[in-house]
Amino acid sequence: LLALPCLAQYNEKQIMQQQAYQLMAQRQYAQAEQLFIQILDKYPNDFDSIVQLFNIYNTLSQADKAEGLLSTYQRGLPPQLYNEQHIQLLLLKGEMGAAYRESLDYLELYGDENKYRQLASYFERKGIFDRTLELYKLGRQKLKKPDLFRLEIANTSLNYLQCSIFGHSCG
């Protein structure tokens, strides 16, 4: 009998999350934002909703909202997750140097192959190809794998070259 309220709460949360994901897929970010806020009002330790809400703010370039969200939930987030979101926030705010320095500190603590790839992708999405390449090369060196990230380096170099030649807006 005690399990029923827990199950109902789980189902409610799961339904709300599914609705929010559908809204995000349809690019109805304002409605998805409201659903994730409702979820967090009821379940303040729901890391997935925090990350998804942060992603909405990042997508919409709403740095103030993203910063407020991280500030509100900083104590409840695992340090690794908080650092990943904070690096993205710094990039969103245009603080490239601070984002890069924080990335290096983060990689000293958690630097496996996937983390190098993940953080490099943050810089690449913002068109900061020189820092992206530096992170991949640093990963090769630190992980002692000289052939690591071959495809990533080739793709990033091509994007960098295209920006240079064709004058696309990069970063």
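Biologist: What makes the crossing of H5 and H7 right-handed?

Modeller: In this predicted model, where local features need pLDDT of at least 70, side-chain atom pairs count only at pLDDT 80 or more and totals for chains, interfaces and linings use all residues, H5 passes H7 in a right-handed crossing, a crossing being right-handed if the near helix is turned clockwise from the far one by less than a right angle, and left-handed if anticlockwise. Residues are numbered from 1 along each chain as its sequence is written, and side-chain values use heavy atoms, with hydrogens and water left out.

Biologist: Why are H5 and H7 called roughly parallel?

Modeller: Their axes, which are lines fitted to C-alpha atoms over the stretch in contact, with angles from 0 to 180 degrees between N-to-C directions, are 9 Å apart and meet at an angle of about 20°. Angles under 35 degrees count as roughly parallel, over 145 as roughly antiparallel, 65 to 115 as roughly perpendicular and the rest as oblique, and H5 and H7 are therefore roughly parallel to each other.

Biologist: Which residues of H5 and H7 meet?

Modeller: Gln80, Glu84, Ile87, Gln88 and Leu91 in H5 are in contact with Lys115, Gln118, Leu119, Tyr122, Phe123 and Arg125 in H7, where contact means heavy atoms within 4.5 Å. By class, these residues divide into five nonpolar, three polar and three charged.

Biologist: How do you know that H4 and H5 are roughly antiparallel?

Modeller: The axes of helix H4 (residues 63-73) and helix H5 (residues 79-92) come within 10 Å and cross at roughly 160°; H4 and H5 are therefore roughly antiparallel to each other. The contact joins Ala63, Ala66, Glu67 and Leu70 of H4 to Tyr82, Gln85, His86, Leu89 and Leu92 of H5.

Biologist: What makes H3 roughly parallel to H5?

Modeller: Helix H3 (residues 47-59) and H5 have axes that come within 11 Å and cross at roughly 10°, and that angle makes H3 roughly parallel to H5. The contact of H3 with H5 has seven nonpolar, four polar and no charged residues.

Biologist: Why is Gly111 called partly exposed?

Modeller: Gly111 has a relative accessible area of 24%, whereas buried means under 20% and exposed over 50%, with partly exposed in between (1.4 Å probe, protein chains only), so Gly111 is partly exposed. Gly111 lies in the loop between helix H6 (96-110) and helix H7 (113-125), and, leaving aside its neighbours within four places in sequence, Gly111 is in contact with Tyr106, Tyr116 and Leu143.

Methods: Helices (H or I, at least four residues) and strands (E, at least two) are DSSP runs, numbered from the N terminus. Ala, Val, Leu, Ile, Met, Phe, Trp, Tyr, Cys and Pro count as nonpolar, Asp, Glu, Lys and Arg as charged, and the others, Gly among them, as polar.
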